[in-house]
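Work through the exercises below with the sequence and the coordinates at hand. Each task is followed by a stepwise solution.

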Amino acid sequence: MHFSIPETEVRSGENGSTYVIKKEYGNNVVPAFPPKKIFTLTPAEVEQRREQLEKYMQAVRQDPVLGASEIFNSFLRKAQQETQQIPTEEVHLDVHLSNGQKIKVNILTSDQTEDVLEAVASKLELPDELVGYFSLFLVQEGADGGCTFVRKLQEFELPYVSVTSLRNPDFHVVLRKSYWDTAYDNDVMDNRVGLNLLYAQTVSDIERGWILVNKDQHRQLKSLQEKGSKKEFIRLAQTLKYYGYIKFDPCITDFPEKGCHVIVSAGNNELNFHIKLPNDQMKEGSFKVTRMRCWRVTSSQVPMTNGTKNPCNSSKCEVKLELAFEYLMSKDRLQWVTITSPQAIMMSICLQSMVDELMVKKSGGSIKKMQRKRLNGSLHRSDSQQAVKSPPLLDSPDPNREQVVKLSTKLTSVSLRGISTSNSANDISSNDFHGNYAFEGIGDDDL
């Protein structure tokens, strides 16, 4: 997550929260705090220090121990309110469902993501044991009716502050399932509210073209829909291509060559690429998360396209985000693949949640209800519940949807034991990198 660091934090020295974290966890665990300069900072130096502080906080947040620190998260929550100058008070917040329905919840401006999620669950009468199966996402509606998933709202984030600070009605919070394994659908469908939420999301994904449907499948789905057979509808949808995937906006990749236009989708423990090659040929390929050794998100400022090459300043620059992952292409050969997209952070979050789910499943665990972490007492909630409305019948499928060819059907099986060093020139010792434990645990049979 990115948000502006208060000017007082930029110009001051090491924050008191950092001292407390170091005292609690030790100097060797906590990253080095950006050093303070003695003299008054110029506007350019202030901006440079702001970037350093943001990178510092991202590094701390990525550490599983430090990221869970209440001291650090408390600092982040306070910084969000102070930056936007939003006092703590009771407010209404609209949370959207996949079918466009709005759930109005009464919350505090200081309530974090978990508080808002539980308020929505209470309003819908979603059982406590199913709350952890869903998450809140920041979404931007497009003029063409499409939507862009900006990011999954993080635990330390204040949803009301995040939405209102954007000052744009196209942005809103959406409730969507947060797991990838379709086996968990059974748990959700055993409950009436969970079934309705999953059904509404499935219909929405089909309507927007995220799930591919041919004419015969569409006819079967519409028949089930008319009968009100929601479970059977979902069961059939589970067999369709890209069920449960999140589709990202068109972007750029350097695979298989630089400058290729690509549409990336995340699901089924993979990133799926629909690539337009320079010769206009369309191809498809998938990168399994278990074969990614590591990945990272980097940001840089680039001049806005205006025909000049002037140095960046705050009014003439835009931030370029890149997701790069190191992939096991063949035996003993690792290759870096880069995606340039404003949704790079969201892609990274998807990868991390896939890995987390794989590791939980491997250890014999399962999705559990989110832990309650009340800080300022209970929420003031309305006693009235709100039902999930059924979506309209499916429209006919688009006959002009492009067909694509496979890049490859199967990559060569490899033995990870044969890899001692990376072929990449990049160094993975930095905190910017996300090491992949799912990669370390696979063997030949998994490939």
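**Exercise 1: a hairpin**

In the hairpin of β3 and β4, five residues lie between the strands, and Gly145 has a positive phi near 90 degrees. The model is predicted: local features need pLDDT of at least 70, side-chain atom pairs count only at pLDDT 80 or more, and totals for chains, interfaces and linings use all residues. Residues are numbered from 1 along each chain as its sequence is written, and side-chain values use heavy atoms, with hydrogens and water left out.

Task: in which sense do strands β3 and β4 pair, and over how many bridges?

Solution.
1. Strands (E, at least two residues) are DSSP runs, numbered from the N terminus, as are helices (H or I, at least four).
2. Two strands pair if DSSP finds at least two bridges between them.
3. β3 (residues 134-141) and β4 (residues 147-152) have five bridges and run antiparallel.
4. Gln140 has Thr148 of β4 as its bridge partner.

**Exercise 2: the largest nonpolar core**

Task: which residues touch the most other members of the largest nonpolar core, and where does this core lie?

Solution.
1. A nonpolar core joins buried (under 20% relative accessible area, 1.4 Å probe, protein chains only) Ala, Val, Leu, Ile, Met, Phe, Trp, Tyr and Cys residues through side-chain atoms within 4.5 Å.
2. Among the 53 residues of the largest core, Val95, Leu124, Leu175 and Leu197 touch the most other members.
3. Helix α8 (residues 192-207) gives the largest share, seven residues.
4. The core lies between domain 2 (87-178) and domain 3 (181-244), because both give residues to it; the domain bounds come from an automatic or database assignment.

Definitions and conventions
Buried means under 20% relative accessible area, exposed over 50%, partly exposed in between (1.4 Å probe, protein chains only).
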